[in-house]
Amino acid sequence: MNARDGVEMTLCPDGPILVRGAAHIVTSDGRTVARNRPTVALCRCGGSAIKPFCDGTHKVNGFTSDDA
């Protein structure tokens, strides 16, 4: 996928949201989060130490999603 293809978001069962493409990530207070990779994983469990990015904590904190 290249920037002209748009943005793709994938909900991983019991895990993060994978974001591919030219998406801008903005926090609730309006701060833009720098992206260093074309694909990033965003935390959905709330336990990540590196929010908004996933650090794998969902694997140990019992997070489950309803979209599986």
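**A three-stranded sheet, strand by strand**

Q: In what order do the strands of the open sheet stand?
A: In this predicted model, the open sheet is built from 3 strands with antiparallel pairing. Reading across the sheet, the order is β1-β2-β5.

Q: Which strands stand at the edges, each with a single partner strand?
A: Each of these strands has one side left without a neighbour in the sheet, because it pairs with a single partner strand. From one strand to the next, the twist averages 20°. The edge strands are β1 and β5.

Q: How many bridges pair strand β1 with strand β2?
A: Strand β1 covers residues 7-11 and strand β2 covers residues 17-21. One of the pairs to look at is M9 with its bridge partner V19 in β2. The two strands run in the antiparallel sense, and their pairing extends over 5 bridges.

Q: Which residue in the hairpin of β1 and β2 takes a positive phi?
A: The hairpin has 5 residues between the strands. Among the residues of this hairpin, one has a phi near 55°. That residue is D14.

Q: Which residue in β5 is the bridge partner of I17?
A: On its other pairing, β2 is joined to strand β5 (residues 39-42) by 4 bridges, and these strands run antiparallel. Within this pairing, R20 stands opposite T39 in β5. For I17, the bridge partner in β5 is L42.

Notes
Residues numbered from 1 in each chain as written. Predicted model: local features only at pLDDT ≥ 70, side-chain atom pairs only at ≥ 80, totals over all residues. Heavy atoms only, no water. Pairing = 2+ DSSP bridges. Axes fitted to C-alpha atoms, helices over the stretch in contact; angles between N-to-C directions.
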